[in-house]
Amino acid sequence: MRTTITMIGLGLIGGSLAKSLYASEDNYIIGCDINPKTLEFALMNEIIDEASSNVTEAAKKADFIILGTPITETLEFLDQLDNITFEQKVIVTDVSSVKKTVLDKANTLTNQNIRFIGGHPMAGSHKRGIKAAKAHLFENAIYVLSPAKNCPSSAAEALENLLTDTKSHIIKLKADEHDEMTGVISHFPHLIASALVRQAMKWGETYQFIPKLAAGGFRDVTRIASGNPELWQDIFYHNKEKMVRMIDDWTNEMASLKYMLQTDGKSELTAYLKQAKDFRDGLGTKEKGAFPAFYDLYVDIRDQTGAIASVANILAGEGISITNIRILEIREGITGVLRLSVSSKDEQIKSYQVLQQYGYDLMLEE
Ligand SMILES: NC(=O)C1=CN([C@@H]2O[C@H](COP(=O)(O)OP(=O)(O)OC[C@H]3O[C@@H](n4cnc5c(N)ncnc54)[C@H](O)[C@@H]3O)[C@@H](O)[C@H]2O)C=CC1
Ligand SMILES: O=C(O)C(=O)Cc1ccc(O)cc1
C-alpha cells in the first residue's frame with residue numbers, strides 16, 4: 001500500500017518536497033496548484049503522480065497533506081480542510097516561514113480527523129516556482145516541526161518518518177520560539193538588507209558611480225534582498241509583532257553607535273566591532289547544538305582558469321566531499337575567492353594541507 005501525499009502549492013518549496021518524496025516508490029503524490037502550467041510541468045517532469053484541480057477531492061485521498069502555499073493561503077486552506085469530511089485520519093503540515101499564525105489557526109480546528117504539525121524546512125533561495133525546485137534542497141538543512149496542541153506524538157513520528165527522504169535535520173520548536181529565532185536570523189536580516197539596498201539606491205541619485213563601487217562586502221551583506229518580494233511581504237506581515245520589536249532594538253543599537261561616533265568613543269567602537277567579529281567568527285563552528293557545523297576554507301582563485309574544477313578534483317581524489325561552494329567576487333566579472341565548506345574539522349585540515357601542496361593560496365576559518 002503506497003502512502004498518498006497531497007501537495008497543495010507546488011512552487012520552490014512544495015515542488016522541492018514533492019521531488020524528494022516522489023523518489024521513493026512507497027509514495028504516491030497528488031499535486032494541486034492554482035497555476036495549471038505548474039501542474040502540467042510537474043506531471044511532465046515526474047514530480048507528481050497525479051494532478052488535481054479539486055483540493056477537496058485530492059485531500060480526501062491523502063494520508064498526508066502538505067501545504068506548500070504562501071502563508072496567507074495556507075491559513076485559508078486550513079479553514080477549507082477543517083470543513084472536509086475525511087474517511088480516515090490525515091496528517092496535515094505546512095512549510096510556512098512563520099509558525100505562530102499558522103499554529104494559532106491550527107489549534108482552532110475542530111475536525112477530529114486532522115492531525116496538524118507545523119513545518120518549516122529552513123532552506124530556500126531567491127527563486128520561486130516549480131522550475132527552481134530541487135530534490136536535494138533540504139539536504140543537511142534544519143527542518144522545524146511544531147505540533148499543534150492535542151496532536152498525538154505518533155503523528156509527529158509518522159511525519160518525521162516521511163521526511164527522512166529529504167535528508168534534513170528535524171528539530172521541534174514551539175511556534176513562538178521559532179518565530180523569534182527566525183525573526184532574528186532570517187526575517188529581520190532580510191528587512192535590513194532591503195533597507196541597505198534602498199539607502200544605496202538613494203545615494204545613487206547623488207553619485208551615479210555607486211553601483212560600480214558596490215563590491216564584495218555590499219554584495220555579501222545584501223544578497224538576500226534579491227528574494228521574492230511577495231513572499232517576504234507575507235513573512236513580515238505574519239511575523240509583524242516580532243519585526244516591530246526588532247526594529248525598536250535596532251534603532252537603539254544604531255543610537256548607541258551614533259553616540260560612540262559623536263563622542264569619539266574609539267575604544268568603545270573597537271570593542272563593539274570586536275564583540276561582533278568574535279561572535280560572527282564562531283558561528284557554525286559549534287560541535288553541539290541543533291545547527292549543523294560548517295568548516296570553511298577560502299581559496300584564492302584570481303586569474304586561475306578552471307580553478308573550481310581543479311580544486312573539486314583534488315579534494316574528490318582525497319575522498320573529501322564539498323558540502324557547499326561559493327565564489328566571493330572581489331570585483332564584478334573577476335572571480336576572487338572560493339569559499340568551500342566541508343563537514344568535519346579533520347576534512348577541513350586535510351583539504352587545507354592538500355590544496356597547499358598543490359600551490360593554492362588559502363585561508364582556513366577557525
Ligand atoms: N522561498 C524560500 O526560500 C522558502 C519559503 N518557505 C515558505 O514556503 C512557502 C511557499 O514559498 P515558495 O515555495 O518560495 O513560493 P512559490 O511562489 O515558489 O510557490 C508557491 C506556490 O503556491 C501556489 N499557490 C499560491 N496560491 C495558491 C492557491 N490558492 N492554491 C493552490 N496553489 C497556490 C503558487 O502557484 C506556487 O506554485 C511560503 O509559505 C514560504 O514562507 C519556506 C522556506 C524557504
Ligand atoms: O537564501 C537564503 O539565504 C534564505 O534565507 C532562504 C530562506 C527563505 C525563507 C525561509 O523561511 C528559509 C530560508
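Tutor: Let us go through some terms one by one. This is a predicted model, where local features need pLDDT of at least 70, side-chain atom pairs count only at pLDDT 80 or more, and totals for chains, interfaces and linings use all residues. Residues are numbered from 1 along each chain as its sequence is written, while chains are lettered from A and ligands numbered from 1 in the order in which they are written.

Student: Why is L159 called buried?

Tutor: A residue is buried if 20 or more other C-beta atoms lie within 10 Å of its own, exposed if 12 or fewer, and partly exposed in between, with C-beta atoms placed from the backbone. L159 has 22 such atoms within 10 Å, so L159 counts as buried. L159 sits in helix 6, residues 153-162 (helices are DSSP runs of H or I with at least four residues, strands are runs of E with at least two, numbered from the N terminus).

Student: Which residues is L159 in contact with, leaving aside neighbours within four places in sequence?

Tutor: Those are I91, T93, I117 and L145; contact means that C-beta atoms, placed from the backbone, lie within 7 Å.

Student: What makes helix 12 lie largely in the open?

Tutor: Of the 17 residues in helix 12, the number buried is zero, so helix 12 lies largely in the open.

Student: How do you know that strand 7 and strand 8 pair?

Tutor: Pairing needs at least two bridges found by DSSP between two strands. Strand 7 (residues 142-147) and strand 8 have four bridges, in the parallel sense, and V144 stands opposite I171 in strand 8.

Technical notes:
Contact = placed C-beta atoms within 7 Å.
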